[in-house]
Amino acid sequence: RSSAPPTEVPGNSAQMSSRMPLCNPNLTDWSRSLRASPLPWRYWHPTMLMEKGLDTGPVFDTCQTEITDDMTAGTLHDILADQTAELLCVTLDKIALGTAQPIAQPDEGVCYAHKISSADSRLDLSQPAAHLQRKINAYSPYPGAFLETRFGRLKLLQGRATELADNKLLPGCFAGLSDSGGLILSCGEQTALEVFKKFILFWAM
């Protein structure tokens, strides 16, 4: 974050100084309470006034994006980049006109998002396939969710939860090929994960 003084702009505002404040277009989830809402989830991203704290500044404007079941982090990133650029222009216009009204963020529900490690992206096939699908999407394309095998790691960039035809299979077994040629892996709670071969990367450890 820059410590340089704000740029002078014409006009006055009852809410703010006549100087342009440091404004941060933020791509993080502002309202954690929305995570408890039914699917499809909506991802809120704001423009905010910069403070000394980590993303603690009051919020100018927000917009939201619907998260679909097949959306990966990479896809979401590109959508948010375009939307946030447009939102920033709206906010800067309001600041220049003196009509911006930043709203303080609530103190409740704040948590720290730790740095993602390799262990976070490891897949456990004893978990339900729907959970694994979301995890694969969340870590695609980087750092990439992976399965540990005796030959090395399989990095999965896309997968889809499906039904398990043979409910006698234990989690972690190969259950055949799908009609589209994807690999079917048995998972927890008698579910299955379809893995598309063009989205599989392998490297030996």
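Student: Taking buried to mean under 20% relative accessible area, exposed over 50% and partly exposed in between, is E189 buried or exposed?

Tutor: This is a predicted model, and in it E189 has a relative accessible area of 66%, which means that E189 is exposed. The residue is placed in the loop between β8 and β9, and its phi is positive, at about 60 degrees, although E189 is not a glycine.

Student: What about Q190, what is its phi?

Tutor: Q190 also has a positive phi, of about 55 degrees, and Q190 is not a glycine either. It is found in the loop between β8 and β9 and counts as exposed, with a relative accessible area of 53%. As background, most residues other than glycine have a negative phi, and most peptide bonds are trans.

Student: Which peptide bonds are cis here, then?

Tutor: The bond from S140 to P141 is cis, with omega near 5 degrees, and the bond from Y142 to P143 is cis as well, with omega near 0 degrees. P141 belongs to the loop between α2 and β4, and P143 has its place in the loop between α2 and β4 too.

Student: Back to β8 and β9, how many bridges join them?

Tutor: Five bridges join β8, residues 183-187, to β9, residues 191-195, and the two strands run antiparallel. To give one of the pairs, I184 has E194 in β9 as its bridge partner.

Student: And what order do the strands of that sheet have?

Tutor: The sheet is open and has four strands in the order β6-β9-β8-β7, with antiparallel pairing. Because β6 (159-163) and β7 (174-177) each have a single partner strand, they stand at the edges, and one side of each is left without a neighbour in the sheet. Neighbouring strands of the sheet are turned against each other by 30 degrees on average, when direction is ignored.

Student: Zooming out, how many helices and strands does the protein have?

Tutor: The secondary structure comes to two helices and 10 strands, and from the N terminus on the elements run β-β-β-α-α-β-β-β-β-β-β-β. The protein has 205 residues, of which 34% count as buried.

Student: Which residues of α2 are buried?

Tutor: In α2, which spans residues 129-138, the buried residues are A129, L132, Q133, K135, I136 and N137. Their cover includes α1 (73-97), β4 (145-149) and β5 (152-156), along with β6, β8 and β9.

Student: What does Q158 touch?

Tutor: Leaving aside residues up to four places away in sequence, Q158 touches I136, V195, F196 and F199. Q158 is in the loop between β5 and β6, and its relative accessibility is 24%, so it counts as partly exposed. The C-alpha atoms of Q158 and D70 are separated by 8.3 Å, while the two residues are 88 residues apart along the chain.

Student: Changing topic, how many aromatic pairs are there, and what lies over the face of F146?

Tutor: The structure holds zero aromatic pairs, but R153 lies over the face of F146, at 4.1 Å from the ring centre.

Student: Last one: is T65 buried or exposed, and which side chain does its own side chain contact?

Tutor: T65 has a relative accessibility of 6% and therefore counts as buried; its place is in β3, residues 59-67. A polar contact of 2.6 Å joins its side chain to that of Q83.

Key. Residues are numbered from 1 along each chain as its sequence is written. This is a predicted model: local features need pLDDT of at least 70, side-chain atom pairs count only at pLDDT 80 or more; totals for chains, interfaces and linings use all residues. Side-chain values use heavy atoms; hydrogens and water are left out. Buried means under 20% relative accessible area, exposed over 50%, partly exposed in between (1.4 Å probe, protein chains only). A polar contact is a pair of N or O atoms within 3.5 Å; within protein, one must be able to donate a hydrogen and the other to accept it, and residues adjacent in sequence count only if both atoms are side-chain atoms. Two strands pair if DSSP finds at least two bridges between them. Axes are lines fitted to C-alpha atoms, for helices over the stretch in contact, and angles run from 0 to 180 degrees between N-to-C directions. Rings of Phe, Tyr and Trp (its six-membered ring) pair if their centres lie within 6.5 Å; planes under 30 degrees apart count as stacked, over 60 as edge-to-face and the rest as tilted. A charge sits over a ring if NZ of Lys or CZ of Arg is within 6 Å of the ring centre and within 35 degrees of the ring normal. Contact means heavy atoms within 4.5 Å.
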